[in-house]
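Let's learn to read a protein model together, one feature at a time. Have a look at the picture and keep it beside you as we talk.

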Amino acid sequence: MDGGGTVDTQARAQDRATADGMPLTGEPLALELVNTTFVRGGVRGVLVDALRTPEDLGDWLAARAPLFSEPLRAGLAGAAVTGAQVARFRELRQALRDLAAALVAGERPADAPVALLNSSARLAVSWPEFEPGSGGPARTVTRWSEPDPLLAALGEVAVAGVGLLAGEAAGQVRACPAPGCILYFVKSHGRREWCTVGCGNRVRVARHSRRLKGDPA
């Protein structure tokens, strides 16, 4: 296939990627963001970025609304997403991916992703206040130090990342070992080896094929 064909294939793969089409979901919030980049098609597949546009980010946030704090959900539901906000989420995604890779490898995390994660986490600072002029029994309302609900959500993703990568579950974070896969997951039970059943099946089929060809690898 010529270079133009490869570009066309990549473009089609990008067009098919939406926030509801992730190959792996149900992971902790921080890994849900990390896994918005994935390879479709295995070893010879194409890299897909499912957070390219404001629409992509809006869909991703809407699909994961239950993972955010309840007071923030209403603000997210009516928020218009901008390209600048997409860029911030993509920056945090890369920082979380770098930190997850260092954790899995048993290496010291680099300073830059740590600093970005920490600064992003500060956007989640919030506190309760009495709601003014509510009438009747006193009611409370949540205020954020960051007035932009999208950036407050970014902060909550960062806080979730700190809790995961430096918390009790850190030792269960895994990089999928399937060739061509770049996804991360939490080893939720002792027998889980792959990010998805699909990756496990693909590896088993490849092993079987090698055995039939007499390859001991």
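Q: Which side chain does Asp49 meet in a salt bridge?

A: Side chains of opposite charge can pair when their charged atoms come close. A salt bridge here is a side-chain nitrogen of Lys or Arg within 4 Å of a carboxyl oxygen of Asp or Glu. In this structure Asp49 meets Arg93, at 2.9 Å from N to O. Asp49 sits in strand β2 and Arg93 in helix α5 (residues 83-105), so the pair ties together parts that are 44 residues apart in sequence.

Q: Before we go on, what kind of model is this, and how are residues numbered?

A: It is a predicted model, where local features need pLDDT of at least 70 and side-chain atom pairs count only at pLDDT 80 or more, while totals for chains, interfaces and linings use all residues. Residues are numbered from 1 along each chain as its sequence is written, and side-chain values use heavy atoms, leaving out hydrogens and water.

Q: Are Asp49 and Arg93 buried or exposed?

A: Buried means under 20% relative accessible area, exposed means over 50%, and partly exposed is in between (1.4 Å probe, protein chains only). Asp49 is buried at 12%, and Arg93 is buried at 7%.

Q: How many salt bridges does the whole structure hold?

A: A search finds 7. One of them joins Glu131 to Arg139, with the closest N and O atoms 3.5 Å apart. Glu131 is partly exposed at 32%, and Arg139 is partly exposed at 47%. Another joins the side chains of Glu129 and Arg143 at 3.3 Å, N to O. That pair links strand β3 (residues 126-130) to strand β4 (residues 140-144), 14 residues apart.

Q: How many helices and strands are there?

A: Helices (H or I, at least four residues) and strands (E, at least two) are DSSP runs, numbered from the N terminus. The protein chain has 8 helices and 6 strands. Along the sequence they follow the pattern α-α-β-β-α-α-α-α-β-β-α-β-β-α.

Q: How many bridges join β1 to β2?

A: Two strands pair if DSSP finds at least two bridges between them. Strand β1 (residues 37-40) and strand β2 (residues 46-49) run antiparallel and are joined by 4 bridges. Arg40 has Val46 as its bridge partner in β2. The hairpin has 5 residues between these strands, and Gly41 takes a positive phi near 110° there.

Q: Which residues touch Ser120, leaving aside its neighbours within four places in sequence?

A: Contact means heavy atoms within 4.5 Å. With those neighbours set aside, Ser120 is in contact with Leu92, Leu154, Gly155 and Ala158. Ser120 belongs to helix α6 (residues 111-121) and is buried, at 5% relative accessibility. A polar atom of the Ser120 side chain lies 2.8 Å from the backbone oxygen of Leu116.

Technical notes:
Polar contact = N/O pair within 3.5 Å; in protein donor to acceptor, adjacent residues only side chain to side chain.
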